[in-house]
Amino acid sequence: MQQMEMSSLAIPQRADTAVTATADKEKRQGVGISVVIPVMNEQENIRPLFERLIAQLEELGQSYEVIFVDDGSTDNTFAEVKALHDEHPGIVRVIRFRKNFGKTPALVAGFSRCRGKIVFTMDGDLQDDPAEIPRFLEKLEEGYDLVSGWKYPRLDPITKTFPSRVFNALVRTLTGVPLHDINNGFKAYRREVIDDAYLKLYGEFHRFVPVMAQWRGYRVTEIKVRHHPRRFGVSKFGARRFARGLIDLLNVLFLTTFLRTPLRFFGPFGFWTFLLGLLIDAWVVIRSRLIENQPIHTQPMLFVGILLMIFGVQFVLVGLQSEMIRHYAFQPGEEYSIKQEIDVQ
């Protein structure tokens, strides 16, 4: 697929380009719901999930499409989704990665190609219940832009539930986004959320889309959804994923809090670090000269204070450098997010 797209970009523009673009836009507007499903080694789950999904989507009476993103599966997952595409060519679309790139790139690929006004994401392990889709739509009708699922009760082993609870509590506390299950892949988005050019997804930021969406001014909420135990396949969750999540959380906190003014983060940090080092060295000098009458260079705390002062200066310099990068990379559109304009040419 990638090669086909690259070769198409090399074709010279023709006079009917505007007509084609208009037709593509009309075709895109004709799809009511898109469902993006990243999968990796889920061959036993693909068909049962699809059958349950289309049964529910048919009841809604809206046009829909289902996009499977095969994230480097090594079993027969691709054969299963290709068979579904052959059976339902107007509904099923398939994206196949050359290797395992991760869930965030899989979602980005699906988002860039989906055409629905409402976009759902689901996991391919049969643990998400498609029967919950109408409840997501009801919540969107209330005016929300992003609705996240909350698996309650969660039917997973404690090795998954306990780290997840700790992580979710940490995210709620630090970001102020009141979600109980931010890792849940079952979500519904309005089109404008995933089309927001300044809501950038890379690394493993997929779990923090609600945080970044709320930062951009979108309304975010959650609903409790039924959760089924895994029947086939192996969970992709592990200690490495938890550790990466903590690192990404730190990154998201910085981007959503101090991206516009990085010196406000590094400046106070550097000031207090320098001041602490200065006080430590002052105390060492006073104690050595006036109290104990010992040589200053024999005091280990002297070097601790010097290091703290050096670190303080370094933090301030990093903040200034970040401000310079911020200045030259400034784009006005990143400073705000417009929901609607009235009487504006």
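Predicted model: local features only at pLDDT ≥ 70, side-chain atom pairs only at ≥ 80, totals over all residues.
The whole structure holds 12 salt bridges. In helix α4 (residues 77–87), Lys-82 and Asp-86 are four residues apart, about one helical turn. Their side chains meet in a salt bridge at 3.4 Å, N to O. Lys-82 is partly exposed, at 41% relative accessibility. Asp-86 is also partly exposed, at 48%. Helix α8 (residues 191–195) contains Arg-191 and Asp-195, again four residues apart. The closest N and O atoms of this salt bridge are 3.1 Å apart. Arg-191 is buried, with a relative accessible area of 11%, whereas Asp-195 is partly exposed at 40%.

Salt bridges with shared partners also join Asp-129, Glu-132, Arg-135 and Arg-226 into one network. Within it, Glu-132 pairs with Arg-226, with 3.6 Å between the closest N and O atoms. This pair links distant parts of the chain, 94 residues apart. Glu-132 sits in the loop between β4 and α6, and Arg-226 in the loop between β7 and α10. Glu-132 is buried, at 2% relative accessible area. Arg-226 is partly exposed, at 43%.

The axes of helices α3 (residues 46–60) and α6 (residues 133–141) come within 10 Å and cross at roughly 45°. The two helices are therefore oblique to each other. Leu-53, Gln-56, Leu-57 and Leu-60 of α3 meet Ile-133, Pro-134 and Leu-137 of α6.

A nonpolar surface patch comprises Phe-274, Leu-278, Val-313, Leu-317 and Leu-320, with about 410 Å² of accessible area together. Helix α12 supplies the largest share, three residues. Leu-278 belongs to α11 and is partly exposed, at 41% relative accessible area.

Methods:
Residues numbered from 1 in each chain as written. Heavy atoms only, no water. Patch = residues over 30% accessible without salt bridge, like charges linked within 9 Å, V, L, I, M, F, W, Y side chains within 5 Å. Areas by Shrake-Rupley, 256 points an atom, 1.4 Å probe, with all protein chains shown as cover. Salt bridge = Lys/Arg side-chain N within 4 Å of Asp/Glu carboxyl O. Buried < 20%, exposed > 50% of the residue type's maximum accessible area, 1.4 Å probe, protein only. Axes fitted to C-alpha atoms, helices over the stretch in contact; angles between N-to-C directions. Parallel < 35°, antiparallel > 145°, perpendicular 65-115°, else oblique. Contact = heavy atoms within 4.5 Å.
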